[in-house]
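Biologist: Could you walk me through this model and tell me what lies behind each label?
Modeller: Gladly, let us look at it together.

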Amino acid sequence: MGDVILKTSFNEVVNEVKDMVWPKPLKLFTAGPVACFPEVLQAMSFQMFSHRSKEYQTLHKDTILRLTSFLEAQESIVLLFPASGTGIMEASVRNFVSPNGSVLVTVIGAFGKRYREVVESNGRKAVVLEKGLGEPVLPEELDDALRKNPSVEAVTITYNETSTGVLNPLKELASVAKEHGKLVFVDAVSAMGAADIKFDEWGVDVVFSSSQKAFGLPPGLAIGAFSKAALKKAENIPNRGWYFDILKYVKYQEKQWSTPSTPPIPQIIALNVVLRIIDEIGGKYAWLSLYQERAAKVREGVKKLGLSILARKGFESPTITCVRAPEGVDGLEVYEAMRKRGYELAKGYGELKNKSFRIGHMGYMPNEYIDEMLEELGKVIEELRR
Ligand SMILES: Cc1ncc(COP(=O)(O)O)c(C=O)c1O
(Lines give C-alpha, C1' and ligand atoms only; values in the text may rest on other atoms or scores of the structure.)
Protein backbone atom coordinates (compact mmCIF):
# COMPACT_ATOMS: atom_id res chain seq x y z
CA MET A 1 0.00 0.00 0.00
CA GLY A 2 2.97 2.29 -0.55
CA ASP A 3 0.94 4.22 -3.09
CA VAL A 4 -2.22 4.87 -1.03
CA ILE A 5 -3.76 8.30 -1.54
CA LEU A 6 -5.44 9.96 1.44
CA LYS A 7 -8.24 12.54 1.49
CA THR A 8 -6.20 14.46 4.05
CA SER A 9 -2.49 13.80 4.55
CA PHE A 10 -0.48 11.23 6.47
CA ASN A 11 0.54 13.95 8.93
CA GLU A 12 -3.04 14.90 9.64
CA VAL A 13 -3.99 11.29 10.31
CA VAL A 14 -1.06 10.86 12.66
CA ASN A 15 -1.87 14.13 14.41
CA GLU A 16 -5.48 13.05 14.98
CA VAL A 17 -4.20 10.03 16.89
CA LYS A 18 -1.57 12.10 18.70
CA ASP A 19 -4.30 14.48 19.90
CA MET A 20 -6.24 11.48 21.17
CA VAL A 21 -3.39 10.10 23.30
CA TRP A 22 -1.43 13.29 24.07
CA PRO A 23 -4.07 16.05 24.31
CA LYS A 24 -1.57 18.04 26.38
CA PRO A 25 2.10 17.63 27.26
CA LEU A 26 2.79 15.85 30.54
CA LYS A 27 6.04 15.06 32.31
CA LEU A 28 5.84 11.46 33.43
CA PHE A 29 6.54 10.27 36.97
CA THR A 30 4.48 7.15 36.42
CA ALA A 31 4.76 3.57 37.68
CA GLY A 32 5.00 2.47 34.03
CA PRO A 33 4.80 2.79 31.14
CA VAL A 34 7.46 5.42 31.76
CA ALA A 35 8.89 8.06 29.42
CA CYS A 36 11.48 6.75 26.95
CA PHE A 37 14.67 8.42 25.77
CA PRO A 38 13.72 10.34 22.59
CA GLU A 39 16.68 8.66 20.84
CA VAL A 40 15.31 5.25 21.76
CA LEU A 41 11.91 6.09 20.26
CA GLN A 42 13.70 7.18 17.12
CA ALA A 43 15.47 3.81 16.83
CA MET A 44 12.07 2.12 17.17
CA SER A 45 10.86 3.72 13.98
CA PHE A 46 13.20 1.61 11.82
CA GLN A 47 11.35 -0.30 9.09
CA MET A 48 10.41 -3.87 10.16
CA PHE A 49 12.00 -7.10 9.02
CA SER A 50 11.36 -10.81 9.45
CA HIS A 51 11.99 -12.40 12.83
CA ARG A 52 13.31 -15.39 10.88
CA SER A 53 15.97 -13.29 9.10
CA LYS A 54 19.73 -13.30 9.73
CA GLU A 55 19.48 -9.68 10.82
CA TYR A 56 16.95 -10.55 13.51
CA GLN A 57 19.13 -13.41 14.75
CA THR A 58 22.05 -11.02 15.11
CA LEU A 59 19.89 -8.53 17.04
CA HIS A 60 18.45 -11.27 19.28
CA LYS A 61 21.82 -12.83 20.08
CA ASP A 62 23.49 -9.49 20.78
CA THR A 63 20.64 -8.44 23.08
CA ILE A 64 20.68 -11.75 24.97
CA LEU A 65 24.46 -11.61 25.48
CA ARG A 66 24.23 -8.04 26.81
CA LEU A 67 21.35 -8.95 29.15
CA THR A 68 23.16 -12.08 30.36
CA SER A 69 26.06 -9.92 31.40
CA PHE A 70 23.77 -7.27 32.97
CA LEU A 71 21.98 -9.92 35.04
CA GLU A 72 25.19 -11.86 35.77
CA ALA A 73 23.45 -14.98 34.49
CA GLN A 74 26.25 -16.69 32.55
CA GLU A 75 25.41 -20.10 34.08
CA SER A 76 21.74 -19.72 33.16
CA ILE A 77 19.49 -18.83 30.23
CA VAL A 78 18.05 -15.41 29.46
CA LEU A 79 15.02 -15.24 27.15
CA LEU A 80 12.84 -12.60 25.49
CA PHE A 81 9.04 -12.87 25.26
CA PRO A 82 6.30 -11.12 23.32
CA ALA A 83 4.39 -10.41 26.53
CA SER A 84 4.14 -8.25 29.61
CA GLY A 85 5.83 -9.41 32.80
CA THR A 86 2.72 -11.10 34.19
CA GLY A 87 2.98 -13.66 31.39
CA ILE A 88 6.25 -14.88 32.85
CA MET A 89 4.77 -14.83 36.36
CA GLU A 90 2.22 -17.34 35.05
CA ALA A 91 4.91 -19.25 33.16
CA SER A 92 6.95 -19.66 36.37
CA VAL A 93 4.05 -21.53 37.95
CA ARG A 94 3.10 -23.64 34.92
CA ASN A 95 6.64 -24.65 34.03
CA PHE A 96 8.36 -25.11 37.39
CA VAL A 97 5.73 -26.20 39.95
CA SER A 98 4.15 -29.69 39.94
CA PRO A 99 0.41 -29.78 39.16
CA ASN A 100 -0.49 -30.48 42.79
CA GLY A 101 2.46 -28.62 44.26
CA SER A 102 2.49 -25.66 46.59
CA VAL A 103 4.38 -22.39 46.62
CA LEU A 104 5.27 -20.01 49.45
CA VAL A 105 4.10 -16.63 48.19
CA THR A 106 5.53 -13.62 50.02
CA VAL A 107 3.14 -10.67 49.91
CA ILE A 108 4.08 -7.08 50.75
CA GLY A 109 1.53 -5.38 48.51
CA ALA A 110 -0.62 -5.61 45.39
CA PHE A 111 1.83 -7.47 43.17
CA GLY A 112 2.55 -10.15 45.75
CA LYS A 113 -1.25 -10.63 45.89
CA ARG A 114 -1.26 -10.98 42.12
CA TYR A 115 1.38 -13.74 42.37
CA ARG A 116 -0.89 -15.56 44.80
CA GLU A 117 -3.81 -15.33 42.34
CA VAL A 118 -1.61 -16.58 39.52
CA VAL A 119 -0.48 -19.57 41.61
CA GLU A 120 -4.05 -20.45 42.61
CA SER A 121 -5.66 -19.86 39.22
CA ASN A 122 -3.16 -22.32 37.76
CA GLY A 123 -4.32 -24.99 40.19
CA ARG A 124 -1.34 -24.87 42.58
CA LYS A 125 -1.60 -24.19 46.30
CA ALA A 126 -0.35 -20.90 47.73
CA VAL A 127 0.97 -20.67 51.29
CA VAL A 128 1.11 -16.96 52.07
CA LEU A 129 3.60 -14.99 54.15
CA GLU A 130 2.12 -11.50 54.28
CA LYS A 131 3.57 -8.31 55.75
CA GLY A 132 1.99 -4.92 56.45
CA LEU A 133 2.07 -2.18 53.83
CA GLY A 134 5.44 -0.43 53.73
CA GLU A 135 7.25 -3.43 55.22
CA PRO A 136 9.70 -5.81 53.52
CA VAL A 137 9.98 -9.54 54.17
CA LEU A 138 12.89 -10.19 56.51
CA PRO A 139 15.16 -13.24 56.10
CA GLU A 140 14.31 -14.64 59.54
CA GLU A 141 10.58 -14.44 58.72
CA LEU A 142 11.12 -16.38 55.51
CA ASP A 143 13.24 -18.92 57.37
CA ASP A 144 10.48 -19.40 59.92
CA ALA A 145 7.77 -19.76 57.23
CA LEU A 146 9.85 -22.36 55.38
CA ARG A 147 10.45 -24.34 58.57
CA LYS A 148 6.68 -24.44 59.09
CA ASN A 149 5.96 -25.33 55.44
CA PRO A 150 8.73 -27.70 54.36
CA SER A 151 6.76 -29.16 51.45
CA VAL A 152 6.54 -26.02 49.29
CA GLU A 153 8.44 -26.35 45.99
CA ALA A 154 9.23 -22.68 45.48
CA VAL A 155 9.24 -19.23 47.06
CA THR A 156 8.03 -16.11 45.24
CA ILE A 157 9.52 -12.71 46.02
CA THR A 158 8.41 -9.33 44.71
CA TYR A 159 11.80 -7.65 44.47
CA ASN A 160 10.35 -4.17 44.27
CA GLU A 161 6.73 -3.82 45.38
CA THR A 162 5.48 -1.05 43.11
CA SER A 163 2.32 -0.44 45.13
CA THR A 164 4.22 0.48 48.31
CA GLY A 165 7.67 1.51 47.06
CA VAL A 166 9.48 -1.16 49.08
CA LEU A 167 12.58 -3.03 47.90
CA ASN A 168 12.84 -6.51 49.43
CA PRO A 169 16.31 -7.75 50.49
CA LEU A 170 16.50 -10.19 47.59
CA LYS A 171 20.03 -11.48 48.08
CA GLU A 172 19.36 -12.44 51.72
CA LEU A 173 15.90 -13.89 50.98
CA ALA A 174 17.21 -15.99 48.09
CA SER A 175 19.96 -17.29 50.34
CA VAL A 176 17.43 -18.44 52.97
CA ALA A 177 15.27 -20.12 50.31
CA LYS A 178 18.33 -21.95 48.96
CA GLU A 179 19.27 -23.19 52.45
CA HIS A 180 15.84 -24.84 52.45
CA GLY A 181 16.40 -26.21 48.93
CA LYS A 182 13.56 -24.24 47.32
CA LEU A 183 13.30 -22.71 43.87
CA VAL A 184 13.29 -18.90 43.96
CA PHE A 185 10.94 -16.99 41.63
CA VAL A 186 11.46 -13.24 41.52
CA ASP A 187 9.06 -10.64 40.19
CA ALA A 188 11.54 -7.93 39.20
CA VAL A 189 9.11 -6.04 36.97
CA SER A 190 9.85 -2.67 38.60
CA ALA A 191 13.36 -3.57 39.80
CA MET A 192 15.31 -5.00 36.87
CA GLY A 193 17.45 -2.26 35.39
CA ALA A 194 17.47 -0.22 38.62
CA ALA A 195 18.27 -2.63 41.48
CA ASP A 196 21.14 -5.08 41.25
CA ILE A 197 20.49 -8.70 40.29
CA LYS A 198 23.34 -11.21 40.47
CA PHE A 199 21.24 -14.03 39.15
CA ASP A 200 23.69 -16.96 39.44
CA GLU A 201 25.55 -15.86 42.56
CA TRP A 202 22.39 -15.13 44.55
CA GLY A 203 20.80 -18.46 43.61
CA VAL A 204 17.75 -17.10 41.84
CA ASP A 205 15.90 -19.61 39.60
CA VAL A 206 13.46 -17.37 37.73
CA VAL A 207 13.49 -13.61 37.35
CA PHE A 208 11.26 -11.60 35.04
CA SER A 209 10.59 -8.04 34.08
CA SER A 210 8.67 -5.88 31.62
CA SER A 211 10.13 -3.42 29.15
CA GLN A 212 8.05 -0.42 30.25
CA LYS A 213 9.78 0.05 33.60
CA ALA A 214 13.40 0.70 34.60
CA PHE A 215 14.95 0.08 31.18
CA GLY A 216 12.72 2.93 30.00
CA LEU A 217 11.18 1.26 26.94
CA PRO A 218 7.63 1.02 25.62
CA PRO A 219 5.56 -1.97 26.83
CA GLY A 220 5.28 -5.28 24.98
CA LEU A 221 8.51 -7.11 25.75
CA ALA A 222 9.13 -9.34 28.77
CA ILE A 223 12.59 -10.43 29.85
CA GLY A 224 13.20 -13.60 31.84
CA ALA A 225 16.19 -15.51 33.21
CA PHE A 226 16.00 -19.18 34.19
CA SER A 227 18.41 -21.39 36.13
CA LYS A 228 19.51 -24.80 34.84
CA ALA A 229 17.87 -26.40 37.90
CA ALA A 230 14.50 -24.86 37.04
CA LEU A 231 14.79 -25.88 33.38
CA LYS A 232 15.66 -29.44 34.40
CA LYS A 233 12.59 -29.58 36.63
CA ALA A 234 10.36 -28.30 33.80
CA GLU A 235 11.16 -31.43 31.75
CA ASN A 236 8.93 -33.42 34.12
CA ILE A 237 6.09 -30.91 34.49
CA PRO A 238 3.09 -31.82 32.30
CA ASN A 239 0.77 -29.30 30.61
CA ARG A 240 3.18 -26.42 30.47
CA GLY A 241 0.99 -24.95 27.74
CA TRP A 242 2.23 -23.74 24.35
CA TYR A 243 2.64 -19.97 24.41
CA PHE A 244 4.70 -19.90 27.60
CA ASP A 245 6.40 -23.27 27.39
CA ILE A 246 9.82 -22.10 28.53
CA LEU A 247 11.58 -25.19 27.13
CA LYS A 248 10.17 -24.32 23.70
CA TYR A 249 11.70 -20.83 24.02
CA VAL A 250 15.04 -22.35 24.99
CA LYS A 251 14.94 -24.63 21.95
CA TYR A 252 14.17 -21.78 19.53
CA GLN A 253 16.89 -19.62 21.01
CA GLU A 254 19.52 -22.37 20.98
CA LYS A 255 18.66 -23.44 17.43
CA GLN A 256 18.00 -20.14 15.69
CA TRP A 257 18.35 -17.12 18.04
CA SER A 258 14.66 -16.42 17.83
CA THR A 259 11.34 -16.99 19.61
CA PRO A 260 8.53 -19.49 18.91
CA SER A 261 6.05 -16.71 18.01
CA THR A 262 6.65 -13.22 16.65
CA PRO A 263 8.66 -11.01 19.01
CA PRO A 264 8.14 -7.23 19.42
CA ILE A 265 11.11 -6.25 17.23
CA PRO A 266 10.94 -2.47 17.89
CA GLN A 267 11.13 -3.04 21.65
CA ILE A 268 14.08 -5.40 21.24
CA ILE A 269 15.89 -2.80 19.13
CA ALA A 270 15.12 -0.25 21.84
CA LEU A 271 16.43 -2.56 24.59
CA ASN A 272 19.60 -3.14 22.60
CA VAL A 273 20.08 0.63 22.30
CA VAL A 274 19.57 1.12 26.06
CA LEU A 275 21.99 -1.71 26.91
CA ARG A 276 24.57 0.01 24.69
CA ILE A 277 23.89 3.35 26.43
CA ILE A 278 24.49 1.57 29.75
CA ASP A 279 27.87 0.37 28.46
CA GLU A 280 28.71 3.84 27.18
CA ILE A 281 28.15 5.46 30.57
CA GLY A 282 30.42 2.96 32.35
CA GLY A 283 28.39 -0.23 32.66
CA LYS A 284 25.78 -1.71 34.96
CA TYR A 285 26.96 -0.21 38.26
CA ALA A 286 27.30 3.30 36.83
CA TRP A 287 23.71 3.00 35.55
CA LEU A 288 22.39 1.60 38.85
CA SER A 289 24.02 4.41 40.77
CA LEU A 290 22.19 6.94 38.57
CA TYR A 291 18.97 5.30 39.74
CA GLN A 292 20.13 5.46 43.38
CA GLU A 293 20.96 9.16 43.08
CA ARG A 294 17.66 9.96 41.41
CA ALA A 295 15.64 8.08 44.04
CA ALA A 296 17.54 9.83 46.84
CA LYS A 297 16.85 13.21 45.23
CA VAL A 298 13.11 12.49 45.11
CA ARG A 299 13.01 11.21 48.70
CA GLU A 300 14.94 14.19 50.05
CA GLY A 301 12.71 16.59 48.11
CA VAL A 302 9.57 14.94 49.46
CA LYS A 303 10.86 15.05 53.03
CA LYS A 304 11.76 18.73 52.67
CA LEU A 305 8.09 19.34 51.89
CA GLY A 306 7.24 17.84 55.27
CA LEU A 307 5.83 14.65 53.76
CA SER A 308 6.57 11.11 54.88
CA ILE A 309 7.42 8.01 52.91
CA LEU A 310 5.57 4.73 53.37
CA ALA A 311 8.54 2.37 52.97
CA ARG A 312 10.42 1.30 56.05
CA LYS A 313 13.79 3.10 56.27
CA GLY A 314 16.54 1.14 54.59
CA PHE A 315 14.14 -0.64 52.20
CA GLU A 316 13.12 2.28 49.97
CA SER A 317 12.65 1.55 46.30
CA PRO A 318 15.08 2.90 43.69
CA THR A 319 12.26 3.21 41.15
CA ILE A 320 9.13 4.50 42.91
CA THR A 321 8.38 6.45 46.08
CA CYS A 322 5.07 5.99 47.83
CA VAL A 323 4.24 9.18 49.76
CA ARG A 324 1.67 9.29 52.55
CA ALA A 325 -0.97 11.91 51.86
CA PRO A 326 -0.81 14.45 54.69
CA GLU A 327 -3.59 14.65 57.29
CA GLY A 328 -6.84 15.88 55.71
CA VAL A 329 -5.57 15.56 52.12
CA ASP A 330 -6.78 12.90 49.69
CA GLY A 331 -3.98 11.25 47.72
CA LEU A 332 -6.16 11.15 44.59
CA GLU A 333 -6.59 14.93 44.78
CA VAL A 334 -2.83 15.36 44.83
CA TYR A 335 -2.58 13.19 41.72
CA GLU A 336 -5.32 15.16 39.91
CA ALA A 337 -3.93 18.56 40.88
CA MET A 338 -0.43 17.59 39.71
CA ARG A 339 -1.84 16.37 36.42
CA LYS A 340 -3.52 19.71 35.84
CA ARG A 341 -0.11 21.30 36.32
CA GLY A 342 1.49 19.03 33.71
CA TYR A 343 2.96 16.27 35.91
CA GLU A 344 1.62 12.76 35.75
CA LEU A 345 2.43 11.01 39.04
CA ALA A 346 0.99 7.58 39.94
CA LYS A 347 -2.15 7.16 42.01
CA GLY A 348 -2.03 5.29 45.29
CA TYR A 349 -2.68 1.60 44.69
CA GLY A 350 -5.44 -0.60 46.11
CA GLU A 351 -6.07 0.06 49.80
CA LEU A 352 -3.73 3.05 49.64
CA LYS A 353 -5.65 4.81 46.86
CA ASN A 354 -6.77 7.77 48.95
CA LYS A 355 -4.09 7.61 51.57
CA SER A 356 -1.07 8.00 49.34
CA PHE A 357 0.26 8.98 45.95
CA ARG A 358 3.33 7.67 44.22
CA ILE A 359 6.19 9.29 42.37
CA GLY A 360 7.78 7.01 39.80
CA HIS A 361 11.41 7.74 38.93
CA MET A 362 12.07 5.41 36.02
CA GLY A 363 13.02 5.98 32.39
CA TYR A 364 13.73 9.28 30.70
CA MET A 365 13.77 11.99 33.39
CA PRO A 366 16.19 14.91 33.26
CA ASN A 367 17.10 16.19 36.75
CA GLU A 368 15.41 19.53 36.18
CA TYR A 369 12.07 17.75 35.73
CA ILE A 370 12.42 16.44 39.29
CA ASP A 371 13.18 19.91 40.67
CA GLU A 372 10.20 21.42 38.84
CA MET A 373 7.90 18.60 39.91
CA LEU A 374 8.87 18.95 43.57
CA GLU A 375 8.30 22.68 43.45
CA GLU A 376 4.80 22.18 42.03
CA LEU A 377 4.10 19.42 44.52
CA GLY A 378 4.90 21.81 47.37
CA LYS A 379 2.36 24.30 46.01
CA VAL A 380 -0.29 21.62 45.49
CA ILE A 381 0.06 20.29 49.04
CA GLU A 382 -0.16 23.79 50.46
CA GLU A 383 -3.33 24.50 48.45
CA LEU A 384 -4.99 21.22 49.41
CA ARG A 385 -4.14 21.65 53.07
CA ARG A 386 -6.04 24.95 53.24
C1 LIG B 1 6.00 -5.50 40.74
C2 LIG B 1 5.13 -5.68 39.54
N3 LIG B 1 4.81 -6.92 39.16
C4 LIG B 1 4.05 -7.15 38.08
C5 LIG B 1 3.55 -6.11 37.34
C6 LIG B 1 2.74 -6.40 36.13
O7 LIG B 1 3.51 -6.10 35.01
P8 LIG B 1 2.90 -6.15 33.55
O9 LIG B 1 1.76 -5.20 33.55
O10 LIG B 1 4.04 -5.72 32.68
O11 LIG B 1 2.48 -7.55 33.31
C12 LIG B 1 3.83 -4.80 37.70
C13 LIG B 1 3.27 -3.68 36.94
O14 LIG B 1 3.25 -2.54 37.39
C15 LIG B 1 4.65 -4.59 38.82
O16 LIG B 1 4.97 -3.35 39.19
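Modeller: Domain bounds here come from an automatic or database domain assignment. On that basis the protein is divided into domain 1 (10-37 + 287-385) and domain 2 (41-278). This is a predicted model, where local features need pLDDT of at least 70 and side-chain atom pairs count only at pLDDT 80 or more, while totals for chains, interfaces and linings use all residues. Residues are numbered from 1 along each chain as its sequence is written.

Biologist: How many residues of each domain make the contact, and what counts as a contact?
Modeller: Two residues are in contact if their C-beta atoms, placed from the backbone, lie within 7 Å. The contact takes 28 residues from domain 1 and 26 residues from domain 2. Helix H12 (284-304) and strand S11 (320-324) are the elements that give two or more residues to the domain 1 side. Helices (H or I, at least four residues) and strands (E, at least two) are DSSP runs, numbered from the N terminus. As for the centres, the C-alpha centres of domain 1 and domain 2 lie 26 Å apart.

Biologist: What classes of residue make up the side of domain 1 that touches domain 2?
Modeller: That side has 18 nonpolar, 6 polar and 4 charged residues. Ala, Val, Leu, Ile, Met, Phe, Trp, Tyr, Cys and Pro count as nonpolar, Asp, Glu, Lys and Arg as charged, and the others, Gly among them, as polar.

Biologist: Why are H4 and H5 called oblique?
Modeller: Helix H4 (residues 85-96) and helix H5 (residues 110-121) pack at an angle of about 45°, with their axes 9 Å apart. Axes are lines fitted to C-alpha atoms, for helices over the stretch in contact, and angles run from 0 to 180 degrees between N-to-C directions. Angles under 35 degrees count as roughly parallel, over 145 as roughly antiparallel, 65 to 115 as roughly perpendicular and the rest as oblique. H4 and H5 are therefore oblique to each other. In this pair, Met 89, Glu 90 and Val 93 of H4 meet Tyr 115, Val 118 and Val 119 of H5. By class, that contact has 5 nonpolar, no polar and 1 charged residues.

Biologist: What makes H13 and H14 oblique?
Modeller: The axes of helix H13 (residues 331-340) and helix H14 (residues 367-385) come within 10 Å and cross at roughly 130°. H13 and H14 are therefore oblique as well. Glu 333, Val 334, Ala 337 and Met 338 of H13 make the contact with Glu 376, Leu 377, Val 380, Ile 381 and Leu 384 of H14.

Biologist: And how do you know whether H6 and H7 are parallel or antiparallel?
Modeller: Helix H6 (residues 139-148) and helix H7 (residues 170-179) have axes that come within 9 Å and cross at roughly 20°. H6 and H7 are therefore roughly parallel to each other. Pro 139, Leu 142 and Asp 143 of H6 touch Glu 172, Leu 173, Val 176 and Ala 177 of H7. The residues there divide into 5 nonpolar, no polar and 2 charged.

Biologist: Which residues surround the ligand?
Modeller: A residue is near a molecule if its C-beta atom, placed from the backbone, lies within 6 Å of it. Among the residues around the ligand are Gly 32, Ser 84, Phe 111 and Asp 187. The shell has 3 nonpolar, 8 polar and 1 charged residues.

Biologist: What makes the bond between Gly 32 and Pro 33 worth a look?
Modeller: A cis peptide bond joins Gly 32 and Pro 33, with omega about -5°. Pro 33 lies in the loop between strand S1 (27-28) and helix H2 (38-43).
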